[in-house]
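These are my notes from going through the model chain by chain. I kept to what I could look up directly.

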Amino acid sequence: MPRLASLLLAGLGLLAALAAPAVAMFLLWRAFPLIGDGHLLRLVDDEWFPGEGKFGLLPLVVGTASTAGLALLLAVPIGLLSAVWVRFYAGPRRARLAEMSLGVIAGMPSVVFGLFGTFWIVPALGASLASAALVLAMMVVPSFALFALAALRQVPEGLLRDGQALGLHKSRVIRHLALRTAQPGLIGAATLALARALGEALAVEMVAGNVPNFPDSLLAPVRTLTTTLVQEFEYAHGAHAGALHLVALAVVALASMLVTLAFKLGHGQIHAAPEAA
Amino acid sequence: MSAPPLKLLATGAAIAVAALFSLLMLDIAVEGLHGLLATALPKTTTTTADEGGVFAALLSTVSISVLALLTSLPVALGCAWLGVETLARRPRVGTALRRSLDVASATPSIAIGLVGWTLFSNSFGLGFSLLAGALTLSLMIAPLMASAFLAGIDALPAALRAQSLGLGVSRWNTFWRLLLPSCRPAIAAGIVLALGRATAETACLILTSGISTRWPESMGDPGATLAVHVYHLARNVPDGEPRAYSAALLLVVVNALVQVVLARLRLGGPR
Amino acid sequence: MAAKTFRRHDANYRQSACPHVRNPGSAAVAHGLPLLRTMPPSKWFFCASAAALLLMFGCNKNQAVRFVITGSSTCQPVLQEVTARLEQRDPSVRFQVEAGGSGRGITDAKTRKAQAGMASRDLLPAELEGLTVVPFARDGVTIVAHASRNLAAVTSEQVKAIYTGKLTNWKELGGPDAKITVVNKAEGRATLEVFLQKFKLKNSEIKADVVVGDNAQCVRLVTGDEHAIGYLSIGEALRAVERKEPLRLLDLDGVAATLENVRDGSFPLGRSLYLLFPGQADAEGQRIVDFLASPEGSELLYAQGFVPLSGT
């Protein structure tokens, strides 16, 4: 009996263990009609107009890269500084409160940020690259700060005390010892934040304008890979549906590459603290 | 050379973050309460199709989350079992398993939603339904849960399992009666974490459980969860702002409760 | 009771198995969820599996006949309302109306995935095959702007110029010096196809500032941005005006966007709304068609901003 049960259990477990490769294979299989038709080159084009048979992914990739990259640029300094404050300047009680609130906000539904963006940011900046980047930055700051905090916590206490014993100012100790030592973990944290930012769909769709072109200014509308899925999945057939599965595959590939990279770069300073994933 | 004002910068950043999120929360709270009061009054322009509203969304949220948790719990436990067994025999496979779980829990939910839509809604013929939504959701939260379970087991003393096996206790009993009970907080955290993800999720559900605002009567009916409801009201419904805010308030409260429980499990445990 | 003995046994066992680990997890148990505390995990596991299976298959039993309608998001609100009224009369049939675009309506009806499809554009000859097509209403696509704009009419040439990026400033339309926010529809929407067909444009020629999905999103956007110009179903636009939304329907080539002009065919951007049935309409499908043709149906269509075909 336990033997049969253990086999059954292992079988169930395989479902989760193979979820990631299975998702990728499934998307690839669904996208195959498009690739197999020898249309692969059509994907490297700068126009996305499925109605006219134009499936160029470039504008979408550029949109994704610009929104997520800009969001990271905003989120990293603020998140890092907040983590430094929590780790080195806040008292134990404040640190605990801060960590707990960051955890709560990191787990908050992304639509809430989208809602906030729709009624606070879009009226000021229009549906644009800037709005999308701001909403994404707000979304990833808490989880990035938590990851950075975890990396800073792993810096050996003795190292910091040594630094202070040498007469270094606290800010020097932090900059030259703590941040330097925690660097791999911090880079890993930033990579995870990037992965999260480029995988977000609805919050971006609410504020980005969703025009598939190359943004020429911060106030220009953008379309990302994920928002394309939101807007078109229901209405797609044939080659269009294949192209959308390929878009999804691209998102999955990008995200999993970044996550793998994060763990590589993190040198074990990054835990699979999944609340930020 | 004067020392750079790092303290000032760090404190400033922390205050800015705190202020921003307080503003966000305050906005949701004020507008949400306002919306709740406004919608409590008899409506003028509702159609019968709009009957359910926020409470239907609450019911959908609960049923999708519960069903997704129930389906992913056995899978996650199975994965933990697999992790314990393979890690003992082949460390490489064990590492690969953990990486796979990490990647799976970081997979963008919209892509999982597309898989769920193609697979469950179309190929299995479930259409837009709570069942399709829950299955898709469990595709996403099962690896997350499994990852948390495994992290808990990994944190136990390495010799624990070997000693138990050495005393002649079977693998099966070691797993169920020793390893799992020993990392109960991690298991509880995994479940709560998955619940938090389930209540927060929109992208994969909008593609599978649909945006219907009526009362779901069975798992085969479509139903918008609170998060999807917020999206729908903010995006598709002209004049939906007050209702969107009131739904968002409810959503934030539900989600924050889950997150606080999670944070207590994480931080509040014995030192 | 059983659980209690189990736990005692559990603890004894643990002590003997690993004497150096002082009661592993006992402190943790105090902080675990109460449910987890009282039930051994293997039972937990089986309970969860059983409950999941039960929920999945038990709750899915539904005695009512299910009738699924999918397709055009323009038609969806009407059909939602019609089916809700039909359900009130006969609760044994449960209707499910899902938007997904005319294309989906056609495919779903053809593959019998849905019992009926909705389309808000004319079907191509190839698409007609195997379907019974029942037109039930006329609608139009109107150009809209924010109500605060001092603009009442546009010409086809102007619309074309605005959407191709040749006319970009409100000044050229007699408004203030501000950039026009051009609102376009996302791929696959019938409204987009009707619009492109009428103005002989390709979607790739359009220089949009915002792309929206549904009609309602278009209303949201245009009422929220006084520099915006968009286009959407007349029905949806009239309903928005009725709700006192700051939206203005613009005359096109001198013809006002009214239901009268849609009915007599003088409005240039007119279209029909269709119900599609695989093969012949069955009894439930016929009930919908009959309802739409009845006086009550006409009234409902008018209320939703469409022109019923059965002239009332």
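Predicted model: local features only at pLDDT ≥ 70, side-chain atom pairs only at ≥ 80, totals over all residues.

**Entry 1: chain B as a whole**

I listed the elements of chain B and got 11 helices and 0 strands. Read from the N terminus, the pattern is therefore α-α-α-α-α-α-α-α-α-α-α. I took the extent along the principal axes, and the C-alpha atoms of chain B fill a box of roughly 75 × 70 × 30 Å. I then sorted the contacts with a separation of 6 or more in chain B, and 79% of them are between residues 24 or more positions apart.

**Entry 2: one helix of chain B**

As for cover, 24 of the 25 residues of α5(B) are buried, so I wrote the helix down as mostly covered, 20 or more C-beta neighbours within 10 Å being the criterion.

**Entry 3: chain A and its side towards chain B**

I did the listing again for chain A, which has 11 helices and 2 strands. The order along the sequence is α-α-β-β-α-α-α-α-α-α-α-α-α. The C-alpha trace of chain A spans about 70 × 65 × 30 Å along its principal axes. Buried residues make up 60% of the 277 residues in chain A. Of the contacts in chain A between residues at least 6 apart in sequence, 77% join residues at least 24 apart.

Next I counted across the chains: 70 residues of chain A are in contact with 77 residues of chain B. I sorted the chain A side by class and got 49 nonpolar, 15 polar and 6 charged residues.

**Entry 4: T64(A)**

Is T64(A) buried or exposed? T64(A) has 26 C-beta neighbours inside 10 Å, so I count it as buried. It lies in helix α3 of chain A, residues 58–89. Leaving aside neighbours within four places in sequence, I found T64(A) in contact with L198(A), T224(A) and L225(A). I also took the distance to T226(A), 162 residues apart along the chain, and the two C-alpha atoms are separated by 8.0 Å.

**Entry 5: domains of chain C**

The domain assignment of chain C gives domain 1 as 66–138 + 271–308 and domain 2 as 139–263. I put the C-alpha centres of these two domains of chain C 26 Å apart. The contact takes 17 residues from domain 1 of chain C and 20 residues from domain 2 of chain C. On the domain 1 side, the elements that give two or more residues are α6 (101–110), β4 (131–146) and β10 of chain C. α6(C) gives the most to that side, with 3 residues. By class, the domain 1 side has 5 nonpolar, 9 polar and 3 charged residues.

**Entry 6: strand β3 of chain C**

I went through β3(C), residues 116–119, for side-chain direction. A116(C) and M118(C) point one way, G117(C) and A119(C) the other way, and all are buried. In a regular strand the side chains alternate between the two faces of the sheet.

What are the pairing partners? Strand β1 of chain C, residues 65–71, runs parallel to β3(C) and is joined to it by 3 bridges. A116(C) is the bridge partner of I69(C). Strand β10 of chain C, residues 270–278, pairs with β3(C) in the antiparallel sense, also over 3 bridges. There, G117(C) has L276(C) as its bridge partner.

**Entry 7: E296(C)**

I placed E296(C) in helix α14 of chain C, residues 295–303. It has 12 other C-beta atoms within 10 Å and is therefore exposed. R263(C) is 33 residues apart from E296(C) along the chain, and I get 18 Å between their C-alpha atoms.

Technical notes
Residues numbered from 1 in each chain as written. Chains lettered and ligands numbered in written order. Helix = DSSP H or I, 4+ residues; strand = E, 2+ residues; numbered from the N terminus. Contact = placed C-beta atoms within 7 Å. Nonpolar A, V, L, I, M, F, W, Y, C, P; charged D, E, K, R; others polar. Pairing = 2+ DSSP bridges. Domains from an automatic or database assignment.
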